Amino acid sequence: MKRKNVIVLGAGMVGSAIASDLSDSYQVTAADFNAEVLNELKKRWKIKTIKCNLREKQSLKKLVEDYDLVIGAVPGFMGFETVKTVIEAGKNIVDISFFPEDAFLLNKRAQQKKVIAVVDCGVAPGLSNMVAGYHHQKMFIERFDCYVGGLPKERKPPFEYKAPFSPIDVIEEYTRPARIVVGGKEVIVEPLSEVESLNFFFCKLEAFNSDGLRSLLKTLDIPNMKEKTLRYPGHATKMQLLRDAGFFSKQPVVIDGKKITPLDFTTGLLFPLWKLEKGEKEFTVMRMEVEGKENGKSVKYQYELYDEFDVKTGISSMSRTTGYTCTAAARLVLEGDYTQQGISPPEYLGAREACFEYVMDYLKERNIKIKMSKK
């Protein structure tokens, strides 16, 4: 039987993990503007590569036309237009980009084009949505909380942080207003606010508000929901200082007659400090709590995920947890086990028990540890 063709748009840390994970079962092509990451992929895995500018819409539309499935793994600022272009090309897509726009704006067009478009399909948003969607079908959820973060094992000052995915998307978490749900009403809170201390496995971490609920705000009627990002203690205060002093501003300033945005200046300084070195050990941790009524009784489910850098493959934990959630969904689409046309946030997959169990088993097979407890 001829193997199906998959193209991965973006060959960064997560895109590379996605491409390598799918290459055992499908003919995979990776497309990126960076020749260096493409060459590295080609050396290690049986993957075709294409060097191209993914921001050129007409070229992108032509690029994807011969593939059975498109995987979107570009930075968030490119995500919406990339998904839109792929839909216009009439191709199914599973996307992980953390774009700020409302994906449901593309729902009508995706349905017209008979396209399956699974969006936000990473670890959080992504796996967290699936957990919420799964339990929403089985019980009345009164509260859903998600805490998630990716961190280096070694704490190096001054930030004690490394970016396991696109650093510009990390800064977006610190500036984009966070939407939570309190008493059935959507509430806008400042990102980096309401810092709380939590114990996780072998260390204490801090959690602060971030805008990670996304589609859950529209799709699931849960009266109390929040998503918080996890960092080592003290990180939120440092980021608040930079943000409030204007270092994350996109408004240009003039210095010695030259225009520059504070964000460009800041990223130029931060990104080298935040870059994960090759082989650097890091981990991903996530806690999800689902509380409510099931069969007339009060119940609380807690999921705890923990994953570390894979020394054998050299793939980071954030790439594994994000990428393999995506590839699980991709396989469901490719094999015809998920066929809902239009925009599908991950909670739609989670609501289907067979799909949810498949994803959980898929992650377990890849040694991503998820512990579930019920009280």
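**Loop and sheet**

Trainee: Where does Ser-249 lie?
Mentor: Ser-249 lies in the loop between α9 and β13, where helices (H or I, at least four residues) and strands (E, at least two) are DSSP runs numbered from the N terminus. This is a predicted model, in which local features need pLDDT of at least 70 and side-chain atom pairs count only at pLDDT 80 or more, while totals for chains, interfaces and linings use all residues. Residues are numbered from 1 along each chain as its sequence is written, and side-chain values use heavy atoms, with hydrogens and water left out.

Trainee: Why does Ser-249 count as partly exposed?
Mentor: Because its relative accessibility is 26%, and the class runs between buried (under 20% relative accessible area) and exposed (over 50%), with a 1.4 Å probe and protein chains only.

Trainee: And what is Ser-249 in contact with, leaving aside neighbours within four places in sequence?
Mentor: Ser-249 is then in contact (heavy atoms within 4.5 Å) with Thr-261, Pro-262 and Leu-263. The C-alpha atoms of Ser-249 and Gly-336, which are 87 residues apart along the chain, are separated by 45 Å.

Trainee: What about Phe-247, where is that one?
Mentor: Phe-247 also lies in the loop between α9 (235-244) and β13, and it is partly exposed, with a relative accessible area of 34%.

Trainee: Switching to the sheet, in what order do the seven strands come?
Mentor: The order is β3-β2-β1-β4-β5-β6-β17 in an open sheet with parallel pairing, two strands being paired if DSSP finds at least two bridges between them. At the edges are β3 (48-51) and β17 (342-344), each of which pairs on one side only, and from one strand to the next the twist averages 20°; axes are lines fitted to C-alpha atoms, for helices over the stretch in contact, and angles run from 0 to 180 degrees between N-to-C directions.

Trainee: Which helix packs on it?
Mentor: Helix α4 (residues 76-88) does, touching β1 (5-9), β4 (69-72), β5 (93-95), β6 and β17, and its direction makes about 170° with that of β5.

Trainee: How many bridges join β6 and β17?
Mentor: Strand β6 (residues 116-118) and β17 pair in the parallel sense over three bridges, with Ser-344 of β17 as the bridge partner of Val-118.

Trainee: And β2, why is it largely enclosed?
Mentor: Strand β2 (residues 27-32) is largely enclosed by the rest of the structure because five of its six residues are buried. It pairs with β1 in the parallel sense over five bridges, and Thr-29 of β2 is the bridge partner of Ile-7.
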